[in-house]
Amino acid sequence: MADSIAFTSDRTLWHRIGRIGIYTLLAVFAFYYIMPLIVIVSTSMKDLDEIRTGHLLSLPAQINLDAWTFAWSEACIGVTCTGLKPYFWNSLAMAVPAVLISIMLGAITGYALTKFRFRGANVIFAMILFGCFIPFQVILLPMATSLGYLGVANTIPGLVLVHVVYGLPFTTLFFRNYYVNIPDDLVKAATIDGAGFFTIFWKIMLPLSLPIIVVTIIWQFTQIWNDFLFGASFTSGGNQPVTVALNNLVNTTTGVKRYNVDMAAALMTAAPTLLVYIFAGRYFVRGLTAGAVKG
Amino acid sequence: MASLNIRNVKKAFGPMEVLKGIDLDLDDGEFLVLLGPSGCGKSTLLNMIAGLDSITSGEITIDERVLNNVHPKDRDIAMVFQSYALYPNMTVGRNIGFGLEMRKVAKAERDQKVQDAARMLQIDHLLDRKPAQLSGGQRQRVAMGRALVRDPKIFLFDEPLSNLDAKLRVEMRTEIKKLHQRLGTTMVYVTHDQIEAMTLASRIAIMKDGIVQQFAPPQEVYEKPANMYVAGFVGAPAMNFIPATLVAENGKLGVSMQRTAKGNRSDVFLALNDERKELADWVGRELVLGIRPESVTHKSEAELNGTRNLQHFDCQVDVLEPTGADTLTYIELGGREVIARVNPHNTSNPGETMDFMVDMDKASLFDPKTEQRI
Amino acid sequence: MDTNNQNAVKGVGDWFRWHLSKFVVAPSFLMILFFVYGFILWTGYMSFTKSKMLPIYNFEGILQYVKLWKQPTWLASFENLFVFGSLFIAVAIAFGCILAIFLDQKIRGEGALRTIYLYPMAISFIVTGTAWKWILNPGSGIEKLVQSFGFENFEFDWLVDPDYAVYTLVIAAVWQASGFVMALFLAALRGVDGEIIKAAQLDGASISRIYMVIILPTLRPVFLSSFVILTHMAIKSFDLVVALTGGGPGNASWLPANFMFEMTFRRNQIGQGAASAMIMLATVLAIIVPYLYSELREKKHG
């Protein structure tokens, strides 16, 4: 559409003013969005004196990463002073298996629901899809009780289970919508060629699924890494994910308030998903729109 | 090499009956074409032969072995799909060999068979490409190669040419015909294109609303259509249907209908050369005369003296449509538009009256109520 | 394809083959059945009991709901949700729509700008809250910045003002989500049929008129889906409040999700927590169900 709205009318003065106005407004918005990131990065590199004497947008006199090392390995979170490091690994140990399991389940479920449809397949899909819409507050309490029964309360495997279960509606949605557009004839041909249910899945469907696998990995990883509610509800102490630890670190009131450490910790917490966004932004956006518009 | 028997086969999706009792018996080496409009159940029947759809009741056998409960892969059939259904992630070679791979054929033997099939279809230079890199015609050949390599008892084709452009379609049609002549394997071919059906089939089964309307060799379907539906579906331009009355004149049976000639409306009588007793019941009653355009031509004295039952009449010309070989001449008979195929050198101008000749040996008579052949 | 063939049952192996698809779907479906539907019923039941620190399973009727709607903190949370939600949704859609339209004017550096507008969506609400808490903090943030420019009397202390804390949530939430709305609108704008616009230009319509009369109305579905998504986000908002205001000052900026969490895990009022969770579910469904219904109906007719 950009082509056709090309202001084909003559390049008048007003038009030029309009262009300047558009660019100015876009720049102002860009500042609104980028400013917090600049503030986080620059504050994390200042020492406490610089923070006290300078202001929000003043730049650090020199690049000083003391706050980073402190946030990573020394800062106090509640009463333990281990830095973010162990919590960061907790998040990774939680996110990687949860992403993989929920994607495998979603892929095979989406495949079965589209390519080997049985009576009621659509109803089952609709019922699974409903899981995308519920506010999680409505399952917190039974989940806390159930994790206790299962013996995984306050553990990483417990969080993996939670994220697999509540990620499943999204992964199933993604794969189902992708597989719906792969022609049924492919499955028929493979059936006649002698391939069974799982052979068709492994040898034909999965190799065709690369784009949607990437989209789903990014979506699930972002969701799980950024989660706070489940982490805060089902874990405590040393088993918390990094988002919960960050919040505790910021709100720990013992000693001097070290804002530079807060910002360094925030940056570390945001780093994995930000990197994913920067390197695979295209897939990230596709996941957002697919998950949000259709979900 | 196999015979195929379909006995009283029915298919229902819930309360909807899609196939209402199909009976077809096919000898070894035959080429059956299932012809019909979309939704007539022809693809469902093919899928049932393949084992991709279940059989609600009835029986399908190959070489007298009942297949109802046999998995597709154990039926010894191969199928070519309209969309080709090539595996996009595999090379052409692996696509063709996939069926053998699944049947655990040794690699060396598999490669040899893939090579042979590819050479037969002239795609041996494409074996390392992916389907996305091929043209439509090449994909079609790969799909056929995949069926060929398996050396099955029966080949199934599901509208294999409808995704090709007109020129390629004719080419591939000939290719399939050659293939059948060379292999002599039984083939079942689904299409809605009557020309494909006529050119390829040893027998055509014309289907409509889940019922086989006629099951016969192409020429018989063309010359002696079982009902008005078949008559109208096969042949282009379609058969002319003319409301007429059966009358006896001078002891001869014939049909009578109105036409305009030289500005006057009057009846014309066309004598039939039909001695069947049943016809006597129809005297004085309305029926439908079915006559193909090529059986209505300009009057030729030389031919009239031959042995065929040629009748002639004059009629006003309405419209001319030259096609090169013939000129389609539109006239009005019995209140209906009728097309005659006239040699371009014998045409008259619109509005003029011209002498026509009808080959009544080729005429069909239909009951206007049941639309069945009389 | 139809593998649901009753005729074909012949021995256990065949039966298994025909039903394989169901076996494969079963684990996922049972998990959802238990962890979503079962848990909703469980929470629903709990909201009809007098559970306090531990669940009690004696049915007590709508007692908890009556109590809930008399609690000032719940009423305040719900009111906050209304204020926060409507502002957040309106501003995010306005920003997103304007940005998308402006970005669609053959802008140099569009790719970079898009990246900048959208990156907050990749970040955890906890990080967002931490950053904005620092920026909005009167002693260190914007207030100090403006004062250092020479405006000594400038005040900007919404974060610590009970009447205004809820608006800081709007600022941070809009920052996080409006880029995403922009992406939705931009995708839709790129899909508008260029011929319509050419025809309108030939008819002599000005650019602004073309947008108002032709393009924006065709974007109605995007407005609707943005509205639904943002509403969903607003009702679920929890982390941002925890990180930005901590619900404070006092509990002036609590949202229902915070109320639920506090009651359930901190104040031993499980029954109240369950009742508030059910109200949240009902609110979400009240928005989502009509939306999905109209979407599905449109698909069937289209």
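Tutor: Now the ground rules. This is a predicted model, where local features need pLDDT of at least 70, side-chain atom pairs count only at pLDDT 80 or more, and totals for chains, interfaces and linings use all residues. Residues are numbered from 1 along each chain as its sequence is written, chains are lettered from A and ligands numbered from 1 in the order written, and side-chain values use heavy atoms, without hydrogens and water.

Student: How many salt bridges across the interface of domain 1 and domain 2 of chain B?

Tutor: The rule finds 0 there.

Student: And what are the bounds of those domains in chain B?

Tutor: Domain 1 of chain B is 4-233 and domain 2 is 240-366. The bounds come from an automatic or database domain assignment.

Student: How many residues does the contact take from each?

Tutor: Domain 1 of chain B gives 7 residues and domain 2 of chain B gives 6. Contact means heavy atoms within 4.5 Å.

Student: What area do the two bury between them?

Tutor: About 670 Å², 60% of it on carbon and sulfur atoms. That is accessible area (1.4 Å probe) lost on putting the two parts together, summed over both.

Student: Switching topic, how far apart are the domain centres?

Tutor: In chain B, 40 Å separate the centres of domain 1 and domain 2, taken over C-alpha atoms.

Conventions:
Salt bridge = Lys/Arg side-chain N within 4 Å of Asp/Glu carboxyl O.
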